[in-house]
Amino acid sequence: MSGRRPPVTIHFDNMVAGVLAGGGIDPARLFGGRSAVDAADTGGPAVAQGDLARRFHQAFEAVRSWREAGDLGFLDLPADRSLAARTREAADALGHRRFDDVVVIGIGGSALGAAALRDALLPPGWNELDDAARGQRPRLHVLDNPDPDSAGALLDRLDLGRTLFNVVSKSGSTAETLALFLTVWGRLEETVGPGRARDHVVVTTDARRGFLRGIAEEHGLRSLSVPGNVGGRFSVLSPVGLLPAALAGIDTEALLDGASSMAAQCETPILLQNPAGTLATLLHAADTDHGAGIHVFMPYADRLQGVARWLQQLWAESLGKARKLDGARAETGPTPLPALGAPDQHSLLQLLMEGPRDKVVVFLGRAAADRDVAIPSPFPDNAAVSHLAGCSLFELLDRERVATAEALRRAGRPNLTIMMDRVDVRSVGALLMLFQIATVHAGALYGVDPMDQPGVELGKSLTSGLMGKPGHQAPAIPSPDARWRV
Ligand code: PA5
């Protein structure tokens, strides 16, 4: 499978044109004196002379050494078909017909991947469809926030006797996830009876460590393991994302095929032949050379909104760091901003066109939609709508994408477009892998460790103190200024 062309291509001419027009870069610095198109056509040698190509080459070597050190386990997931097969077997053994609802309990990287897969690959409105329309597969909910309004409402309306909870936590110690797990376990004991709660829970966590692993062993819960070298936000193609996907009937083999074909294409050190390298290098240059550090990820497909939210976490948590790899103070990293075409043309676009030149827009487009809707012609003589009639909704939406990219280009605002053939399981596998590889390349370009997240620890520890966790002191927190209370 890995030799097949990935169903995802990147068009970055606009980015180059935009950066050139907006930032005044000398093309010679970018592509060794050739235009982007020439360079793309002729491949490596010309490109290899460019400044960006040199930077990418260094980053590529850093990523190679991380991989050789075994730190990038996510890259091995598409080839690890035995892990995927075990996950599918677990899904089959759970017997999806026994459950009307599956609830993923997790947060961050333990939730966003499952939500992205559900939204991209299941028919729109999946959870509202009846059993026949869902092919007797369960509804799929993702419960990440311990917000009592929404969590309580979901638990109240589920038939717990026909619900499976997939509790996902790499560390097995995340407060939000454990609080929701305890809540669910308590409710299960009340409704299905003590001793039967375990039939409604499957745990995905570290193979050896953490509270969840201990509970799984003590109570004989079904469980799957996250490989030790696969970090939370890089775990969508591990059992973290694959189990909920398989339970809902998504073809996880094809997902991995798509990821595998993209991974193969990203193995070259030649900049313009490496899609993830090109993406990372251009976005990093836009930030560090041109002050365009806000990276807007804007799909023109409702079903890709979950991917944009997943990518926001991946990009932010991996690249926003206080220190460089050598320990030097850095406080660096781009700000990812998920958006949606076309609605955000009527919200963000004014700012993107005329506001500060601190943004790059990454459009996500598709060559075809799964279905299209013809726009009829009920008012044939009315010039206000005659150009819409006879068209289709997809044609309008996609032309809006093209027009918006061109408008930004004309305004000298950098943008690039990632095109998928269509939003299908192979393309989505390829897209997820593209972004994960781009993230580690971007980490190397920024000179930071993309796999850690030390900045989240202080807030966690203060929360533990406030919650009275043994071993944690209650923190002194200044009282709010009551003068402004209304
Ligand atoms: O990417 C990460 O490591 C984080 O976003 C984690 O996924 C998140 O904090 C949840 O952690 P855990 O899976 O350990 O519960």
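Predicted model: local features only at pLDDT ≥ 70, side-chain atom pairs only at ≥ 80, totals over all residues.
Helices here are DSSP runs of at least four residues, numbered from the N terminus. Phenylalanine 56 and phenylalanine 60 both sit in helix H5, 4 residues apart, or about one turn of the helix. Phenylalanine 56 is buried, with a relative accessible area of 0%, and phenylalanine 60 is buried as well, at 8%.

Another ring pair brings together a strand and a helix. The ring centres of phenylalanine 297 and tryptophan 315 lie 6.0 Å apart with the planes at 90°, so this pair is edge-to-face. Phenylalanine 297 belongs to strand E7 and tryptophan 315 to helix H14, so the contact ties together parts that are 18 residues apart in sequence. Both phenylalanine 297 and tryptophan 315 are buried.

Overall, the count comes to 7 aromatic pairs. The phenylalanine 56 and phenylalanine 60 pair turns out to be edge-to-face, at 5.7 Å centre to centre and with 65° between the planes. Elsewhere, Phe181, Trp185 and Phe211 make up one aromatic cluster.

Turning to charged side chains, a search of the whole structure picks up 24 salt bridges.

A second salt bridge runs between strands. Arginine 139 meets aspartate 101, with 2.8 Å between the closest N and O atoms. Because arginine 139 lies in strand E3 (residues 139–143) and aspartate 101 in strand E2 (residues 101–105), the pair ties together parts that are 38 residues apart in sequence. Arginine 139 counts as partly exposed at 22% relative accessibility, whereas aspartate 101 is buried, at 4%.

Loops get a salt bridge too. In the pair formed by arginine 303 and aspartate 370, the closest N and O atoms are 3.2 Å apart. This one links distant parts of the chain, 67 residues apart: arginine 303 is in the loop between strand E7 (294–299) and helix H14 (305–319), and aspartate 370 is in the loop between strand E11 (359–366) and helix H16 (393–410). Arginine 303 is buried, with a relative accessible area of 15%, while aspartate 370 is partly exposed, at 47%. Finally, salt bridges with shared partners join Arg81, Arg88, Glu253 and Asp257 into one network.

Methods. Residues numbered from 1 in each chain as written. Heavy atoms only, no water. Salt bridge = Lys/Arg side-chain N within 4 Å of Asp/Glu carboxyl O. Helix = DSSP H or I, 4+ residues; strand = E, 2+ residues; numbered from the N terminus. Buried < 20%, exposed > 50% of the residue type's maximum accessible area, 1.4 Å probe, protein only. Phe/Tyr/Trp six-rings, centres within 6.5 Å; stacked < 30°, edge-to-face > 60°.
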